[in-house]
Amino acid sequence: MTHESLLSVENLTTVFDTPAGPLPAVDGVDLSVGRGEIVAVVGESGCGKTVLSLSVLGLVPPPGRVAAGRVFFAGRDLLALPERELRAVRGARASMIFQEPMTSLNPVLTIGDQVAEPVRTHRRVSRAQALEAAGAMLAKVGLPDPARRMRGYPHELSGGQRQRVMIAMALILSPELLIADEPTTALDVTVQRQILDLMTHLARDTGTAVVLVTHNLGVVAQTADAVAVMYAGRLVEYARVGTFFAGPAHPYSQGLLASLPRLAGRGGRLSSIPGMVPSLSALPPGCHFHPRCPRVFGPCAGQAPPFFTLPDGRRTRCWLYG
Ligand SMILES: Nc1ncnc2c1ncn2[C@@H]1O[C@H](COP(=O)(O)OP(=O)(O)OP(=O)(O)O)[C@@H](O)[C@H]1O
Ligand SMILES: [Mg+2]
């Protein structure tokens, strides 16, 4: 993998230490994102999307820890940086929108001061100037009546409004890299569209690289350039969006796509993948997906498949292509 990408994740492995030993929540993930590119990360609940996002910015809380791998950002390995330097990158050049807005907002700071905080920390401006920038950003993310809301506190806002405050904080310094973990889940469709348009414009106009974590394949189709599919901590498919929606390679990806209502059969029945994502303490051997896979055959339970590159450029970890 080249380092020309703004973000280049190599063999990233994050484990949770338990009495039973280390459990791999993220297992050998390779991923790269170029400037101005939007890469969506998809997969069912528990597949490791959030742990991957947190790992990239060195934010995994104990008992989790990055056990292996490197994360190159603009040519430097973030995971090898001293915490001080990492903190300088985080927030200014690389920022994250967290999945849980309430736990990441400070309950005793006003909305205005919170959104202005990155500006005050990383730029030499007055409080008034920082607050003005915060107000403008809150208007951009569609918070109603931002001038009044800025003087209020997080508990006075709805879930969707809090999420927009988080988004404003993450975008206010025009980061080079944005990691957005389910940024629009709590928002209604109109506001969701507005936020996704905002992220798309950031990518196109200012060259921000975006990692967009989402459950919503409709959002992926409308927003992303490439798709990375995760299953049980591993990346199982990586493809350009057009190629992916024309027909994904991995049976897991095919199952995800088949569960989209728009593509379901005439009866309108949702076909979903039978079975459940395995727990980290009971991962099946070989390909972790094999017990649920409709195409399972000889080698699947034996050895984990490596990545195979198909003629159309997509990469998939499935023995069908071996
Ligand atoms: N603090 C923790 N301790 C132990 N295991 C954890 C912890 N946090 C997450 N995990 C495990 O790591 C795996 C990946 O979790 P993660 O939150 O990354 O999933 P996700 O893909 O983001 O799911 P969702 O779509 O529900 O947000 C899961 O098996 C989860 O149980
Ligand atoms: Mg998550």
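This is a predicted model: local features need pLDDT of at least 70, side-chain atom pairs count only at pLDDT 80 or more; totals for chains, interfaces and linings use all residues.
Local features were considered at pLDDT of at least 70 and side-chain atom pairs at pLDDT 80 or more, whereas totals for chains, interfaces and linings use all residues; side-chain values rest on heavy atoms, without hydrogens and water.

A salt bridge was taken as a side-chain nitrogen of Lys or Arg within 4 Å of a carboxyl oxygen of Asp or Glu. By this rule, 16 salt bridges were counted. One of them joins the side chains of Glu176 and Arg35, with an N to O distance of 3.2 Å. This pair connects distant parts of the chain, 141 residues apart: Glu176 belongs to the loop between α7 (159–171) and β7 (177–181), and Arg35 to the loop between β2 (21–33) and β3 (38–42). Helices (H or I, at least four residues) and strands (E, at least two) are DSSP runs, numbered from the N terminus. Arg35 is exposed, its relative accessibility being 53%. Accessibility was classed as buried under 20% relative accessible area, exposed over 50% and partly exposed in between, using a 1.4 Å probe and protein chains only.

A further salt bridge, at 3.6 Å from N to O, forms between the side chains of Glu83 and Arg87. Both residues lie in helix α2 (residues 83–89), where four residues, about one turn of the helix, separate Glu83 from Arg87. Glu83 is partly exposed, at 38% relative accessible area.

Asp312 and Arg314 also form a salt bridge, with 2.8 Å between the closest N and O atoms. Asp312 is partly exposed at 43% relative accessibility, whereas Arg314 is buried at 9%. Elsewhere, salt bridges with shared partners join Arg35, Arg93 and Glu176 into one network.

Methods: Residues are numbered from 1 along each chain as its sequence is written. Chains are lettered from A and ligands numbered from 1 in the order in which they are written.
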